[in-house]
Amino acid sequence: MSELVTGEAVALELRPAKLPSRGLAVLLDLAVAVTVYVLVTLGLVAATASLDEAARTAVSIATFVLVLVGGPILVETLTHGRSLGKLACGLRVVRDDGGPIRFRHALVRGLLGVIEILMTFGVVACVASLVSARGRRLGDVFAGTLVVRERVPAAGQGGFVPPPPPWLAGRFSGLDLSAVPDGLWLAIRQYLTRMRQLDPQVGWSMAERLASDVAGRTGAPVPPGVPPAMYLAAVLQERQTREAQRAFGGGVAAPAAPASPVPAVGQGGPVLPPPAVPPTPVSPAVPPAVPPSSSEAPGVPAERPATGFVPPA
C-alpha cells in the first residue's frame with residue numbers, strides 16, 4: 001500500500017502501478033497515437049502535394065511533434081492523468097502528494113517520454129521502472145509524478161471505522177453539521193478506515209487537513225488537546241447518530257394534533273376570544289287588540305264595556 005494521500009482522501013486506496021500494467025497502457029496509447037498520426041499524415045500528403053520538398057518536410061516534423069508529443073500531453077492535462085490506455089488499465093497519473101497533475105507535469109512527462117519511449121523503444125523507461133521502488137520512469141522522477149492503480153480489490157478490513165474514545169462520545173452533540181458536504185464525509189470515512197495503513201506523519205497531516213476542513217464548515221474550531229483523528233471519529237459518530245435518529249424516528253418529535261376550536265376543560269388549549277354580548281331574547285310580539293267592527297253579524301250582541309250609565313228607555 002502506498003503512503004500517498006490526496007487532499008480529498010480519495011487516494012488512500014490507491015497503489016503504485018507496476019511495469020506490466022504500465023507497459024500495456026503505453027502500448028495502447030501508442031497504438032492510438034500512431035493511428036491518428038498515419039491518418040493525419042495521409043491527409044496532409046494529399047493537401048501539400050503542390051508544395052516543395054522543404055515545406056513538406058516541415059509539415060511532417062510539425063505533425064510528428066503535435067500528434068505524438070503534444071497529443072499525449074494535451075490528453076493527460078485535460079483528463080488529469082487518465083489517457084485512453086491508462087483508463088483501460090485502471091491507472092492514473094498523480095502528483096507525489098496524491099493531487100491531480102497539471103500542464104507542467106504532463107509537459108515534462110511528455111518531453112522525456114520522447115527519449116525514454118519513442119527513441120529508445122521503451123528500454124530506458126523499463127529499466128528506470130524496474131529500478132524504482134514505486135515503478136517510476138525518468139519522466140515521473142523529474143515531473144514529480146506517480147502512476148497509481150485506481151481499481152484495487154477491497155481489503156477485508158477496509159470497512160471498519162474505529163469508534164472515538166469514551167470521553168469524546170456526545171461532546172459534539174450541539175455542533176451544526178449541515179454545511180459539511182457528503183464528499184468530505186466520505187473522505188473522513190476513508191481516512192479512518194485506512195489510517196492504520198498509512199505512515200504516521202502522513203496520517204497525522206491528513207487528519208489535520210480534514211479536521212480543519214470540518215472546523216471551517218461548522219464554524220467551530222477543534223477543541224484544544226483533542227487529536228485530529230479522534231476529533232474526526234467523534235464528529236463522524238455524531239453524524240451517524242443523527243442519521244439513525246432521523247431514520248428510526250428517535251430524534252423527531254411527533255407532530256402535534258390540530259387544536260380543537262373549543263378547548264377541553266382542564267387542558268391548556270388555545271384560548272378563543274370571548275364572544276360578543278348575546279342579544280337579549282325578545283319575546284314574541286303580541287298583536288294589538290283589534291276594536292270590534294261595526295259591521296258585525298246581526299243577532300250577535302256586541303260586548304260593550306261597563307260605563308256605569310243606564311241607557312234611556
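**Salt bridges and a helix pair**

Reader: With a 58% relative accessibility, is Asp182 buried or exposed?
Author: Buried means under 20% relative accessible area, exposed over 50%, and partly exposed in between (1.4 Å probe, protein chains only). Asp182 comes out at 58%, so this residue counts as exposed.

Reader: What kind of model is this?
Author: Numbering runs from 1 along each chain as its sequence is written, and side-chain values use heavy atoms, with hydrogens and water left out. Local features need pLDDT of at least 70, side-chain atom pairs count only at pLDDT 80 or more, and totals for chains, interfaces and linings use all residues, the model being predicted.

Reader: Which residue forms a salt bridge with Asp182?
Author: A salt bridge here is a side-chain nitrogen of Lys or Arg within 4 Å of a carboxyl oxygen of Asp or Glu. For Asp182, the closest N and O atoms of the pair are 3.7 Å apart. Asp182 is in helix 7 (residues 182-194) and its partner in helix 9 (residues 228-248), so parts 57 residues apart in sequence are tied together; helices are DSSP runs (H or I, at least four residues), numbered from the N terminus. The partner is Arg239.

Reader: How many residues apart are Asp140 and Arg22?
Author: Their side chains meet in a salt bridge, 2.8 Å from N to O, and both residues are buried. Asp140 sits in helix 6 (residues 138-143) and Arg22 in helix 1, which puts distant parts of the chain together. The separation is 118 residues.

Reader: What separates the closest N and O atoms of Arg109 and Asp140?
Author: Arg109 is in helix 4 (residues 103-119), 31 residues from Asp140. With 3% relative accessibility Arg109 counts as buried, and so does Asp140 at 0%. The closest N and O atoms of Arg109 and Asp140 are apart by 2.2 Å.

Reader: How are helix 1 and helix 2 oriented to each other?
Author: Axes are lines fitted to C-alpha atoms over the stretch in contact, and angles run from 0 to 180 degrees between N-to-C directions. The axes of helix 1 (residues 19-47) and helix 2 (residues 53-78) come within 10 Å and cross at roughly 150°. Angles under 35 degrees count as roughly parallel, over 145 as roughly antiparallel, 65 to 115 as roughly perpendicular and the rest as oblique. Helix 1 and helix 2 are therefore roughly antiparallel.

Notes:
Helix = DSSP H or I, 4+ residues; strand = E, 2+ residues; numbered from the N terminus.
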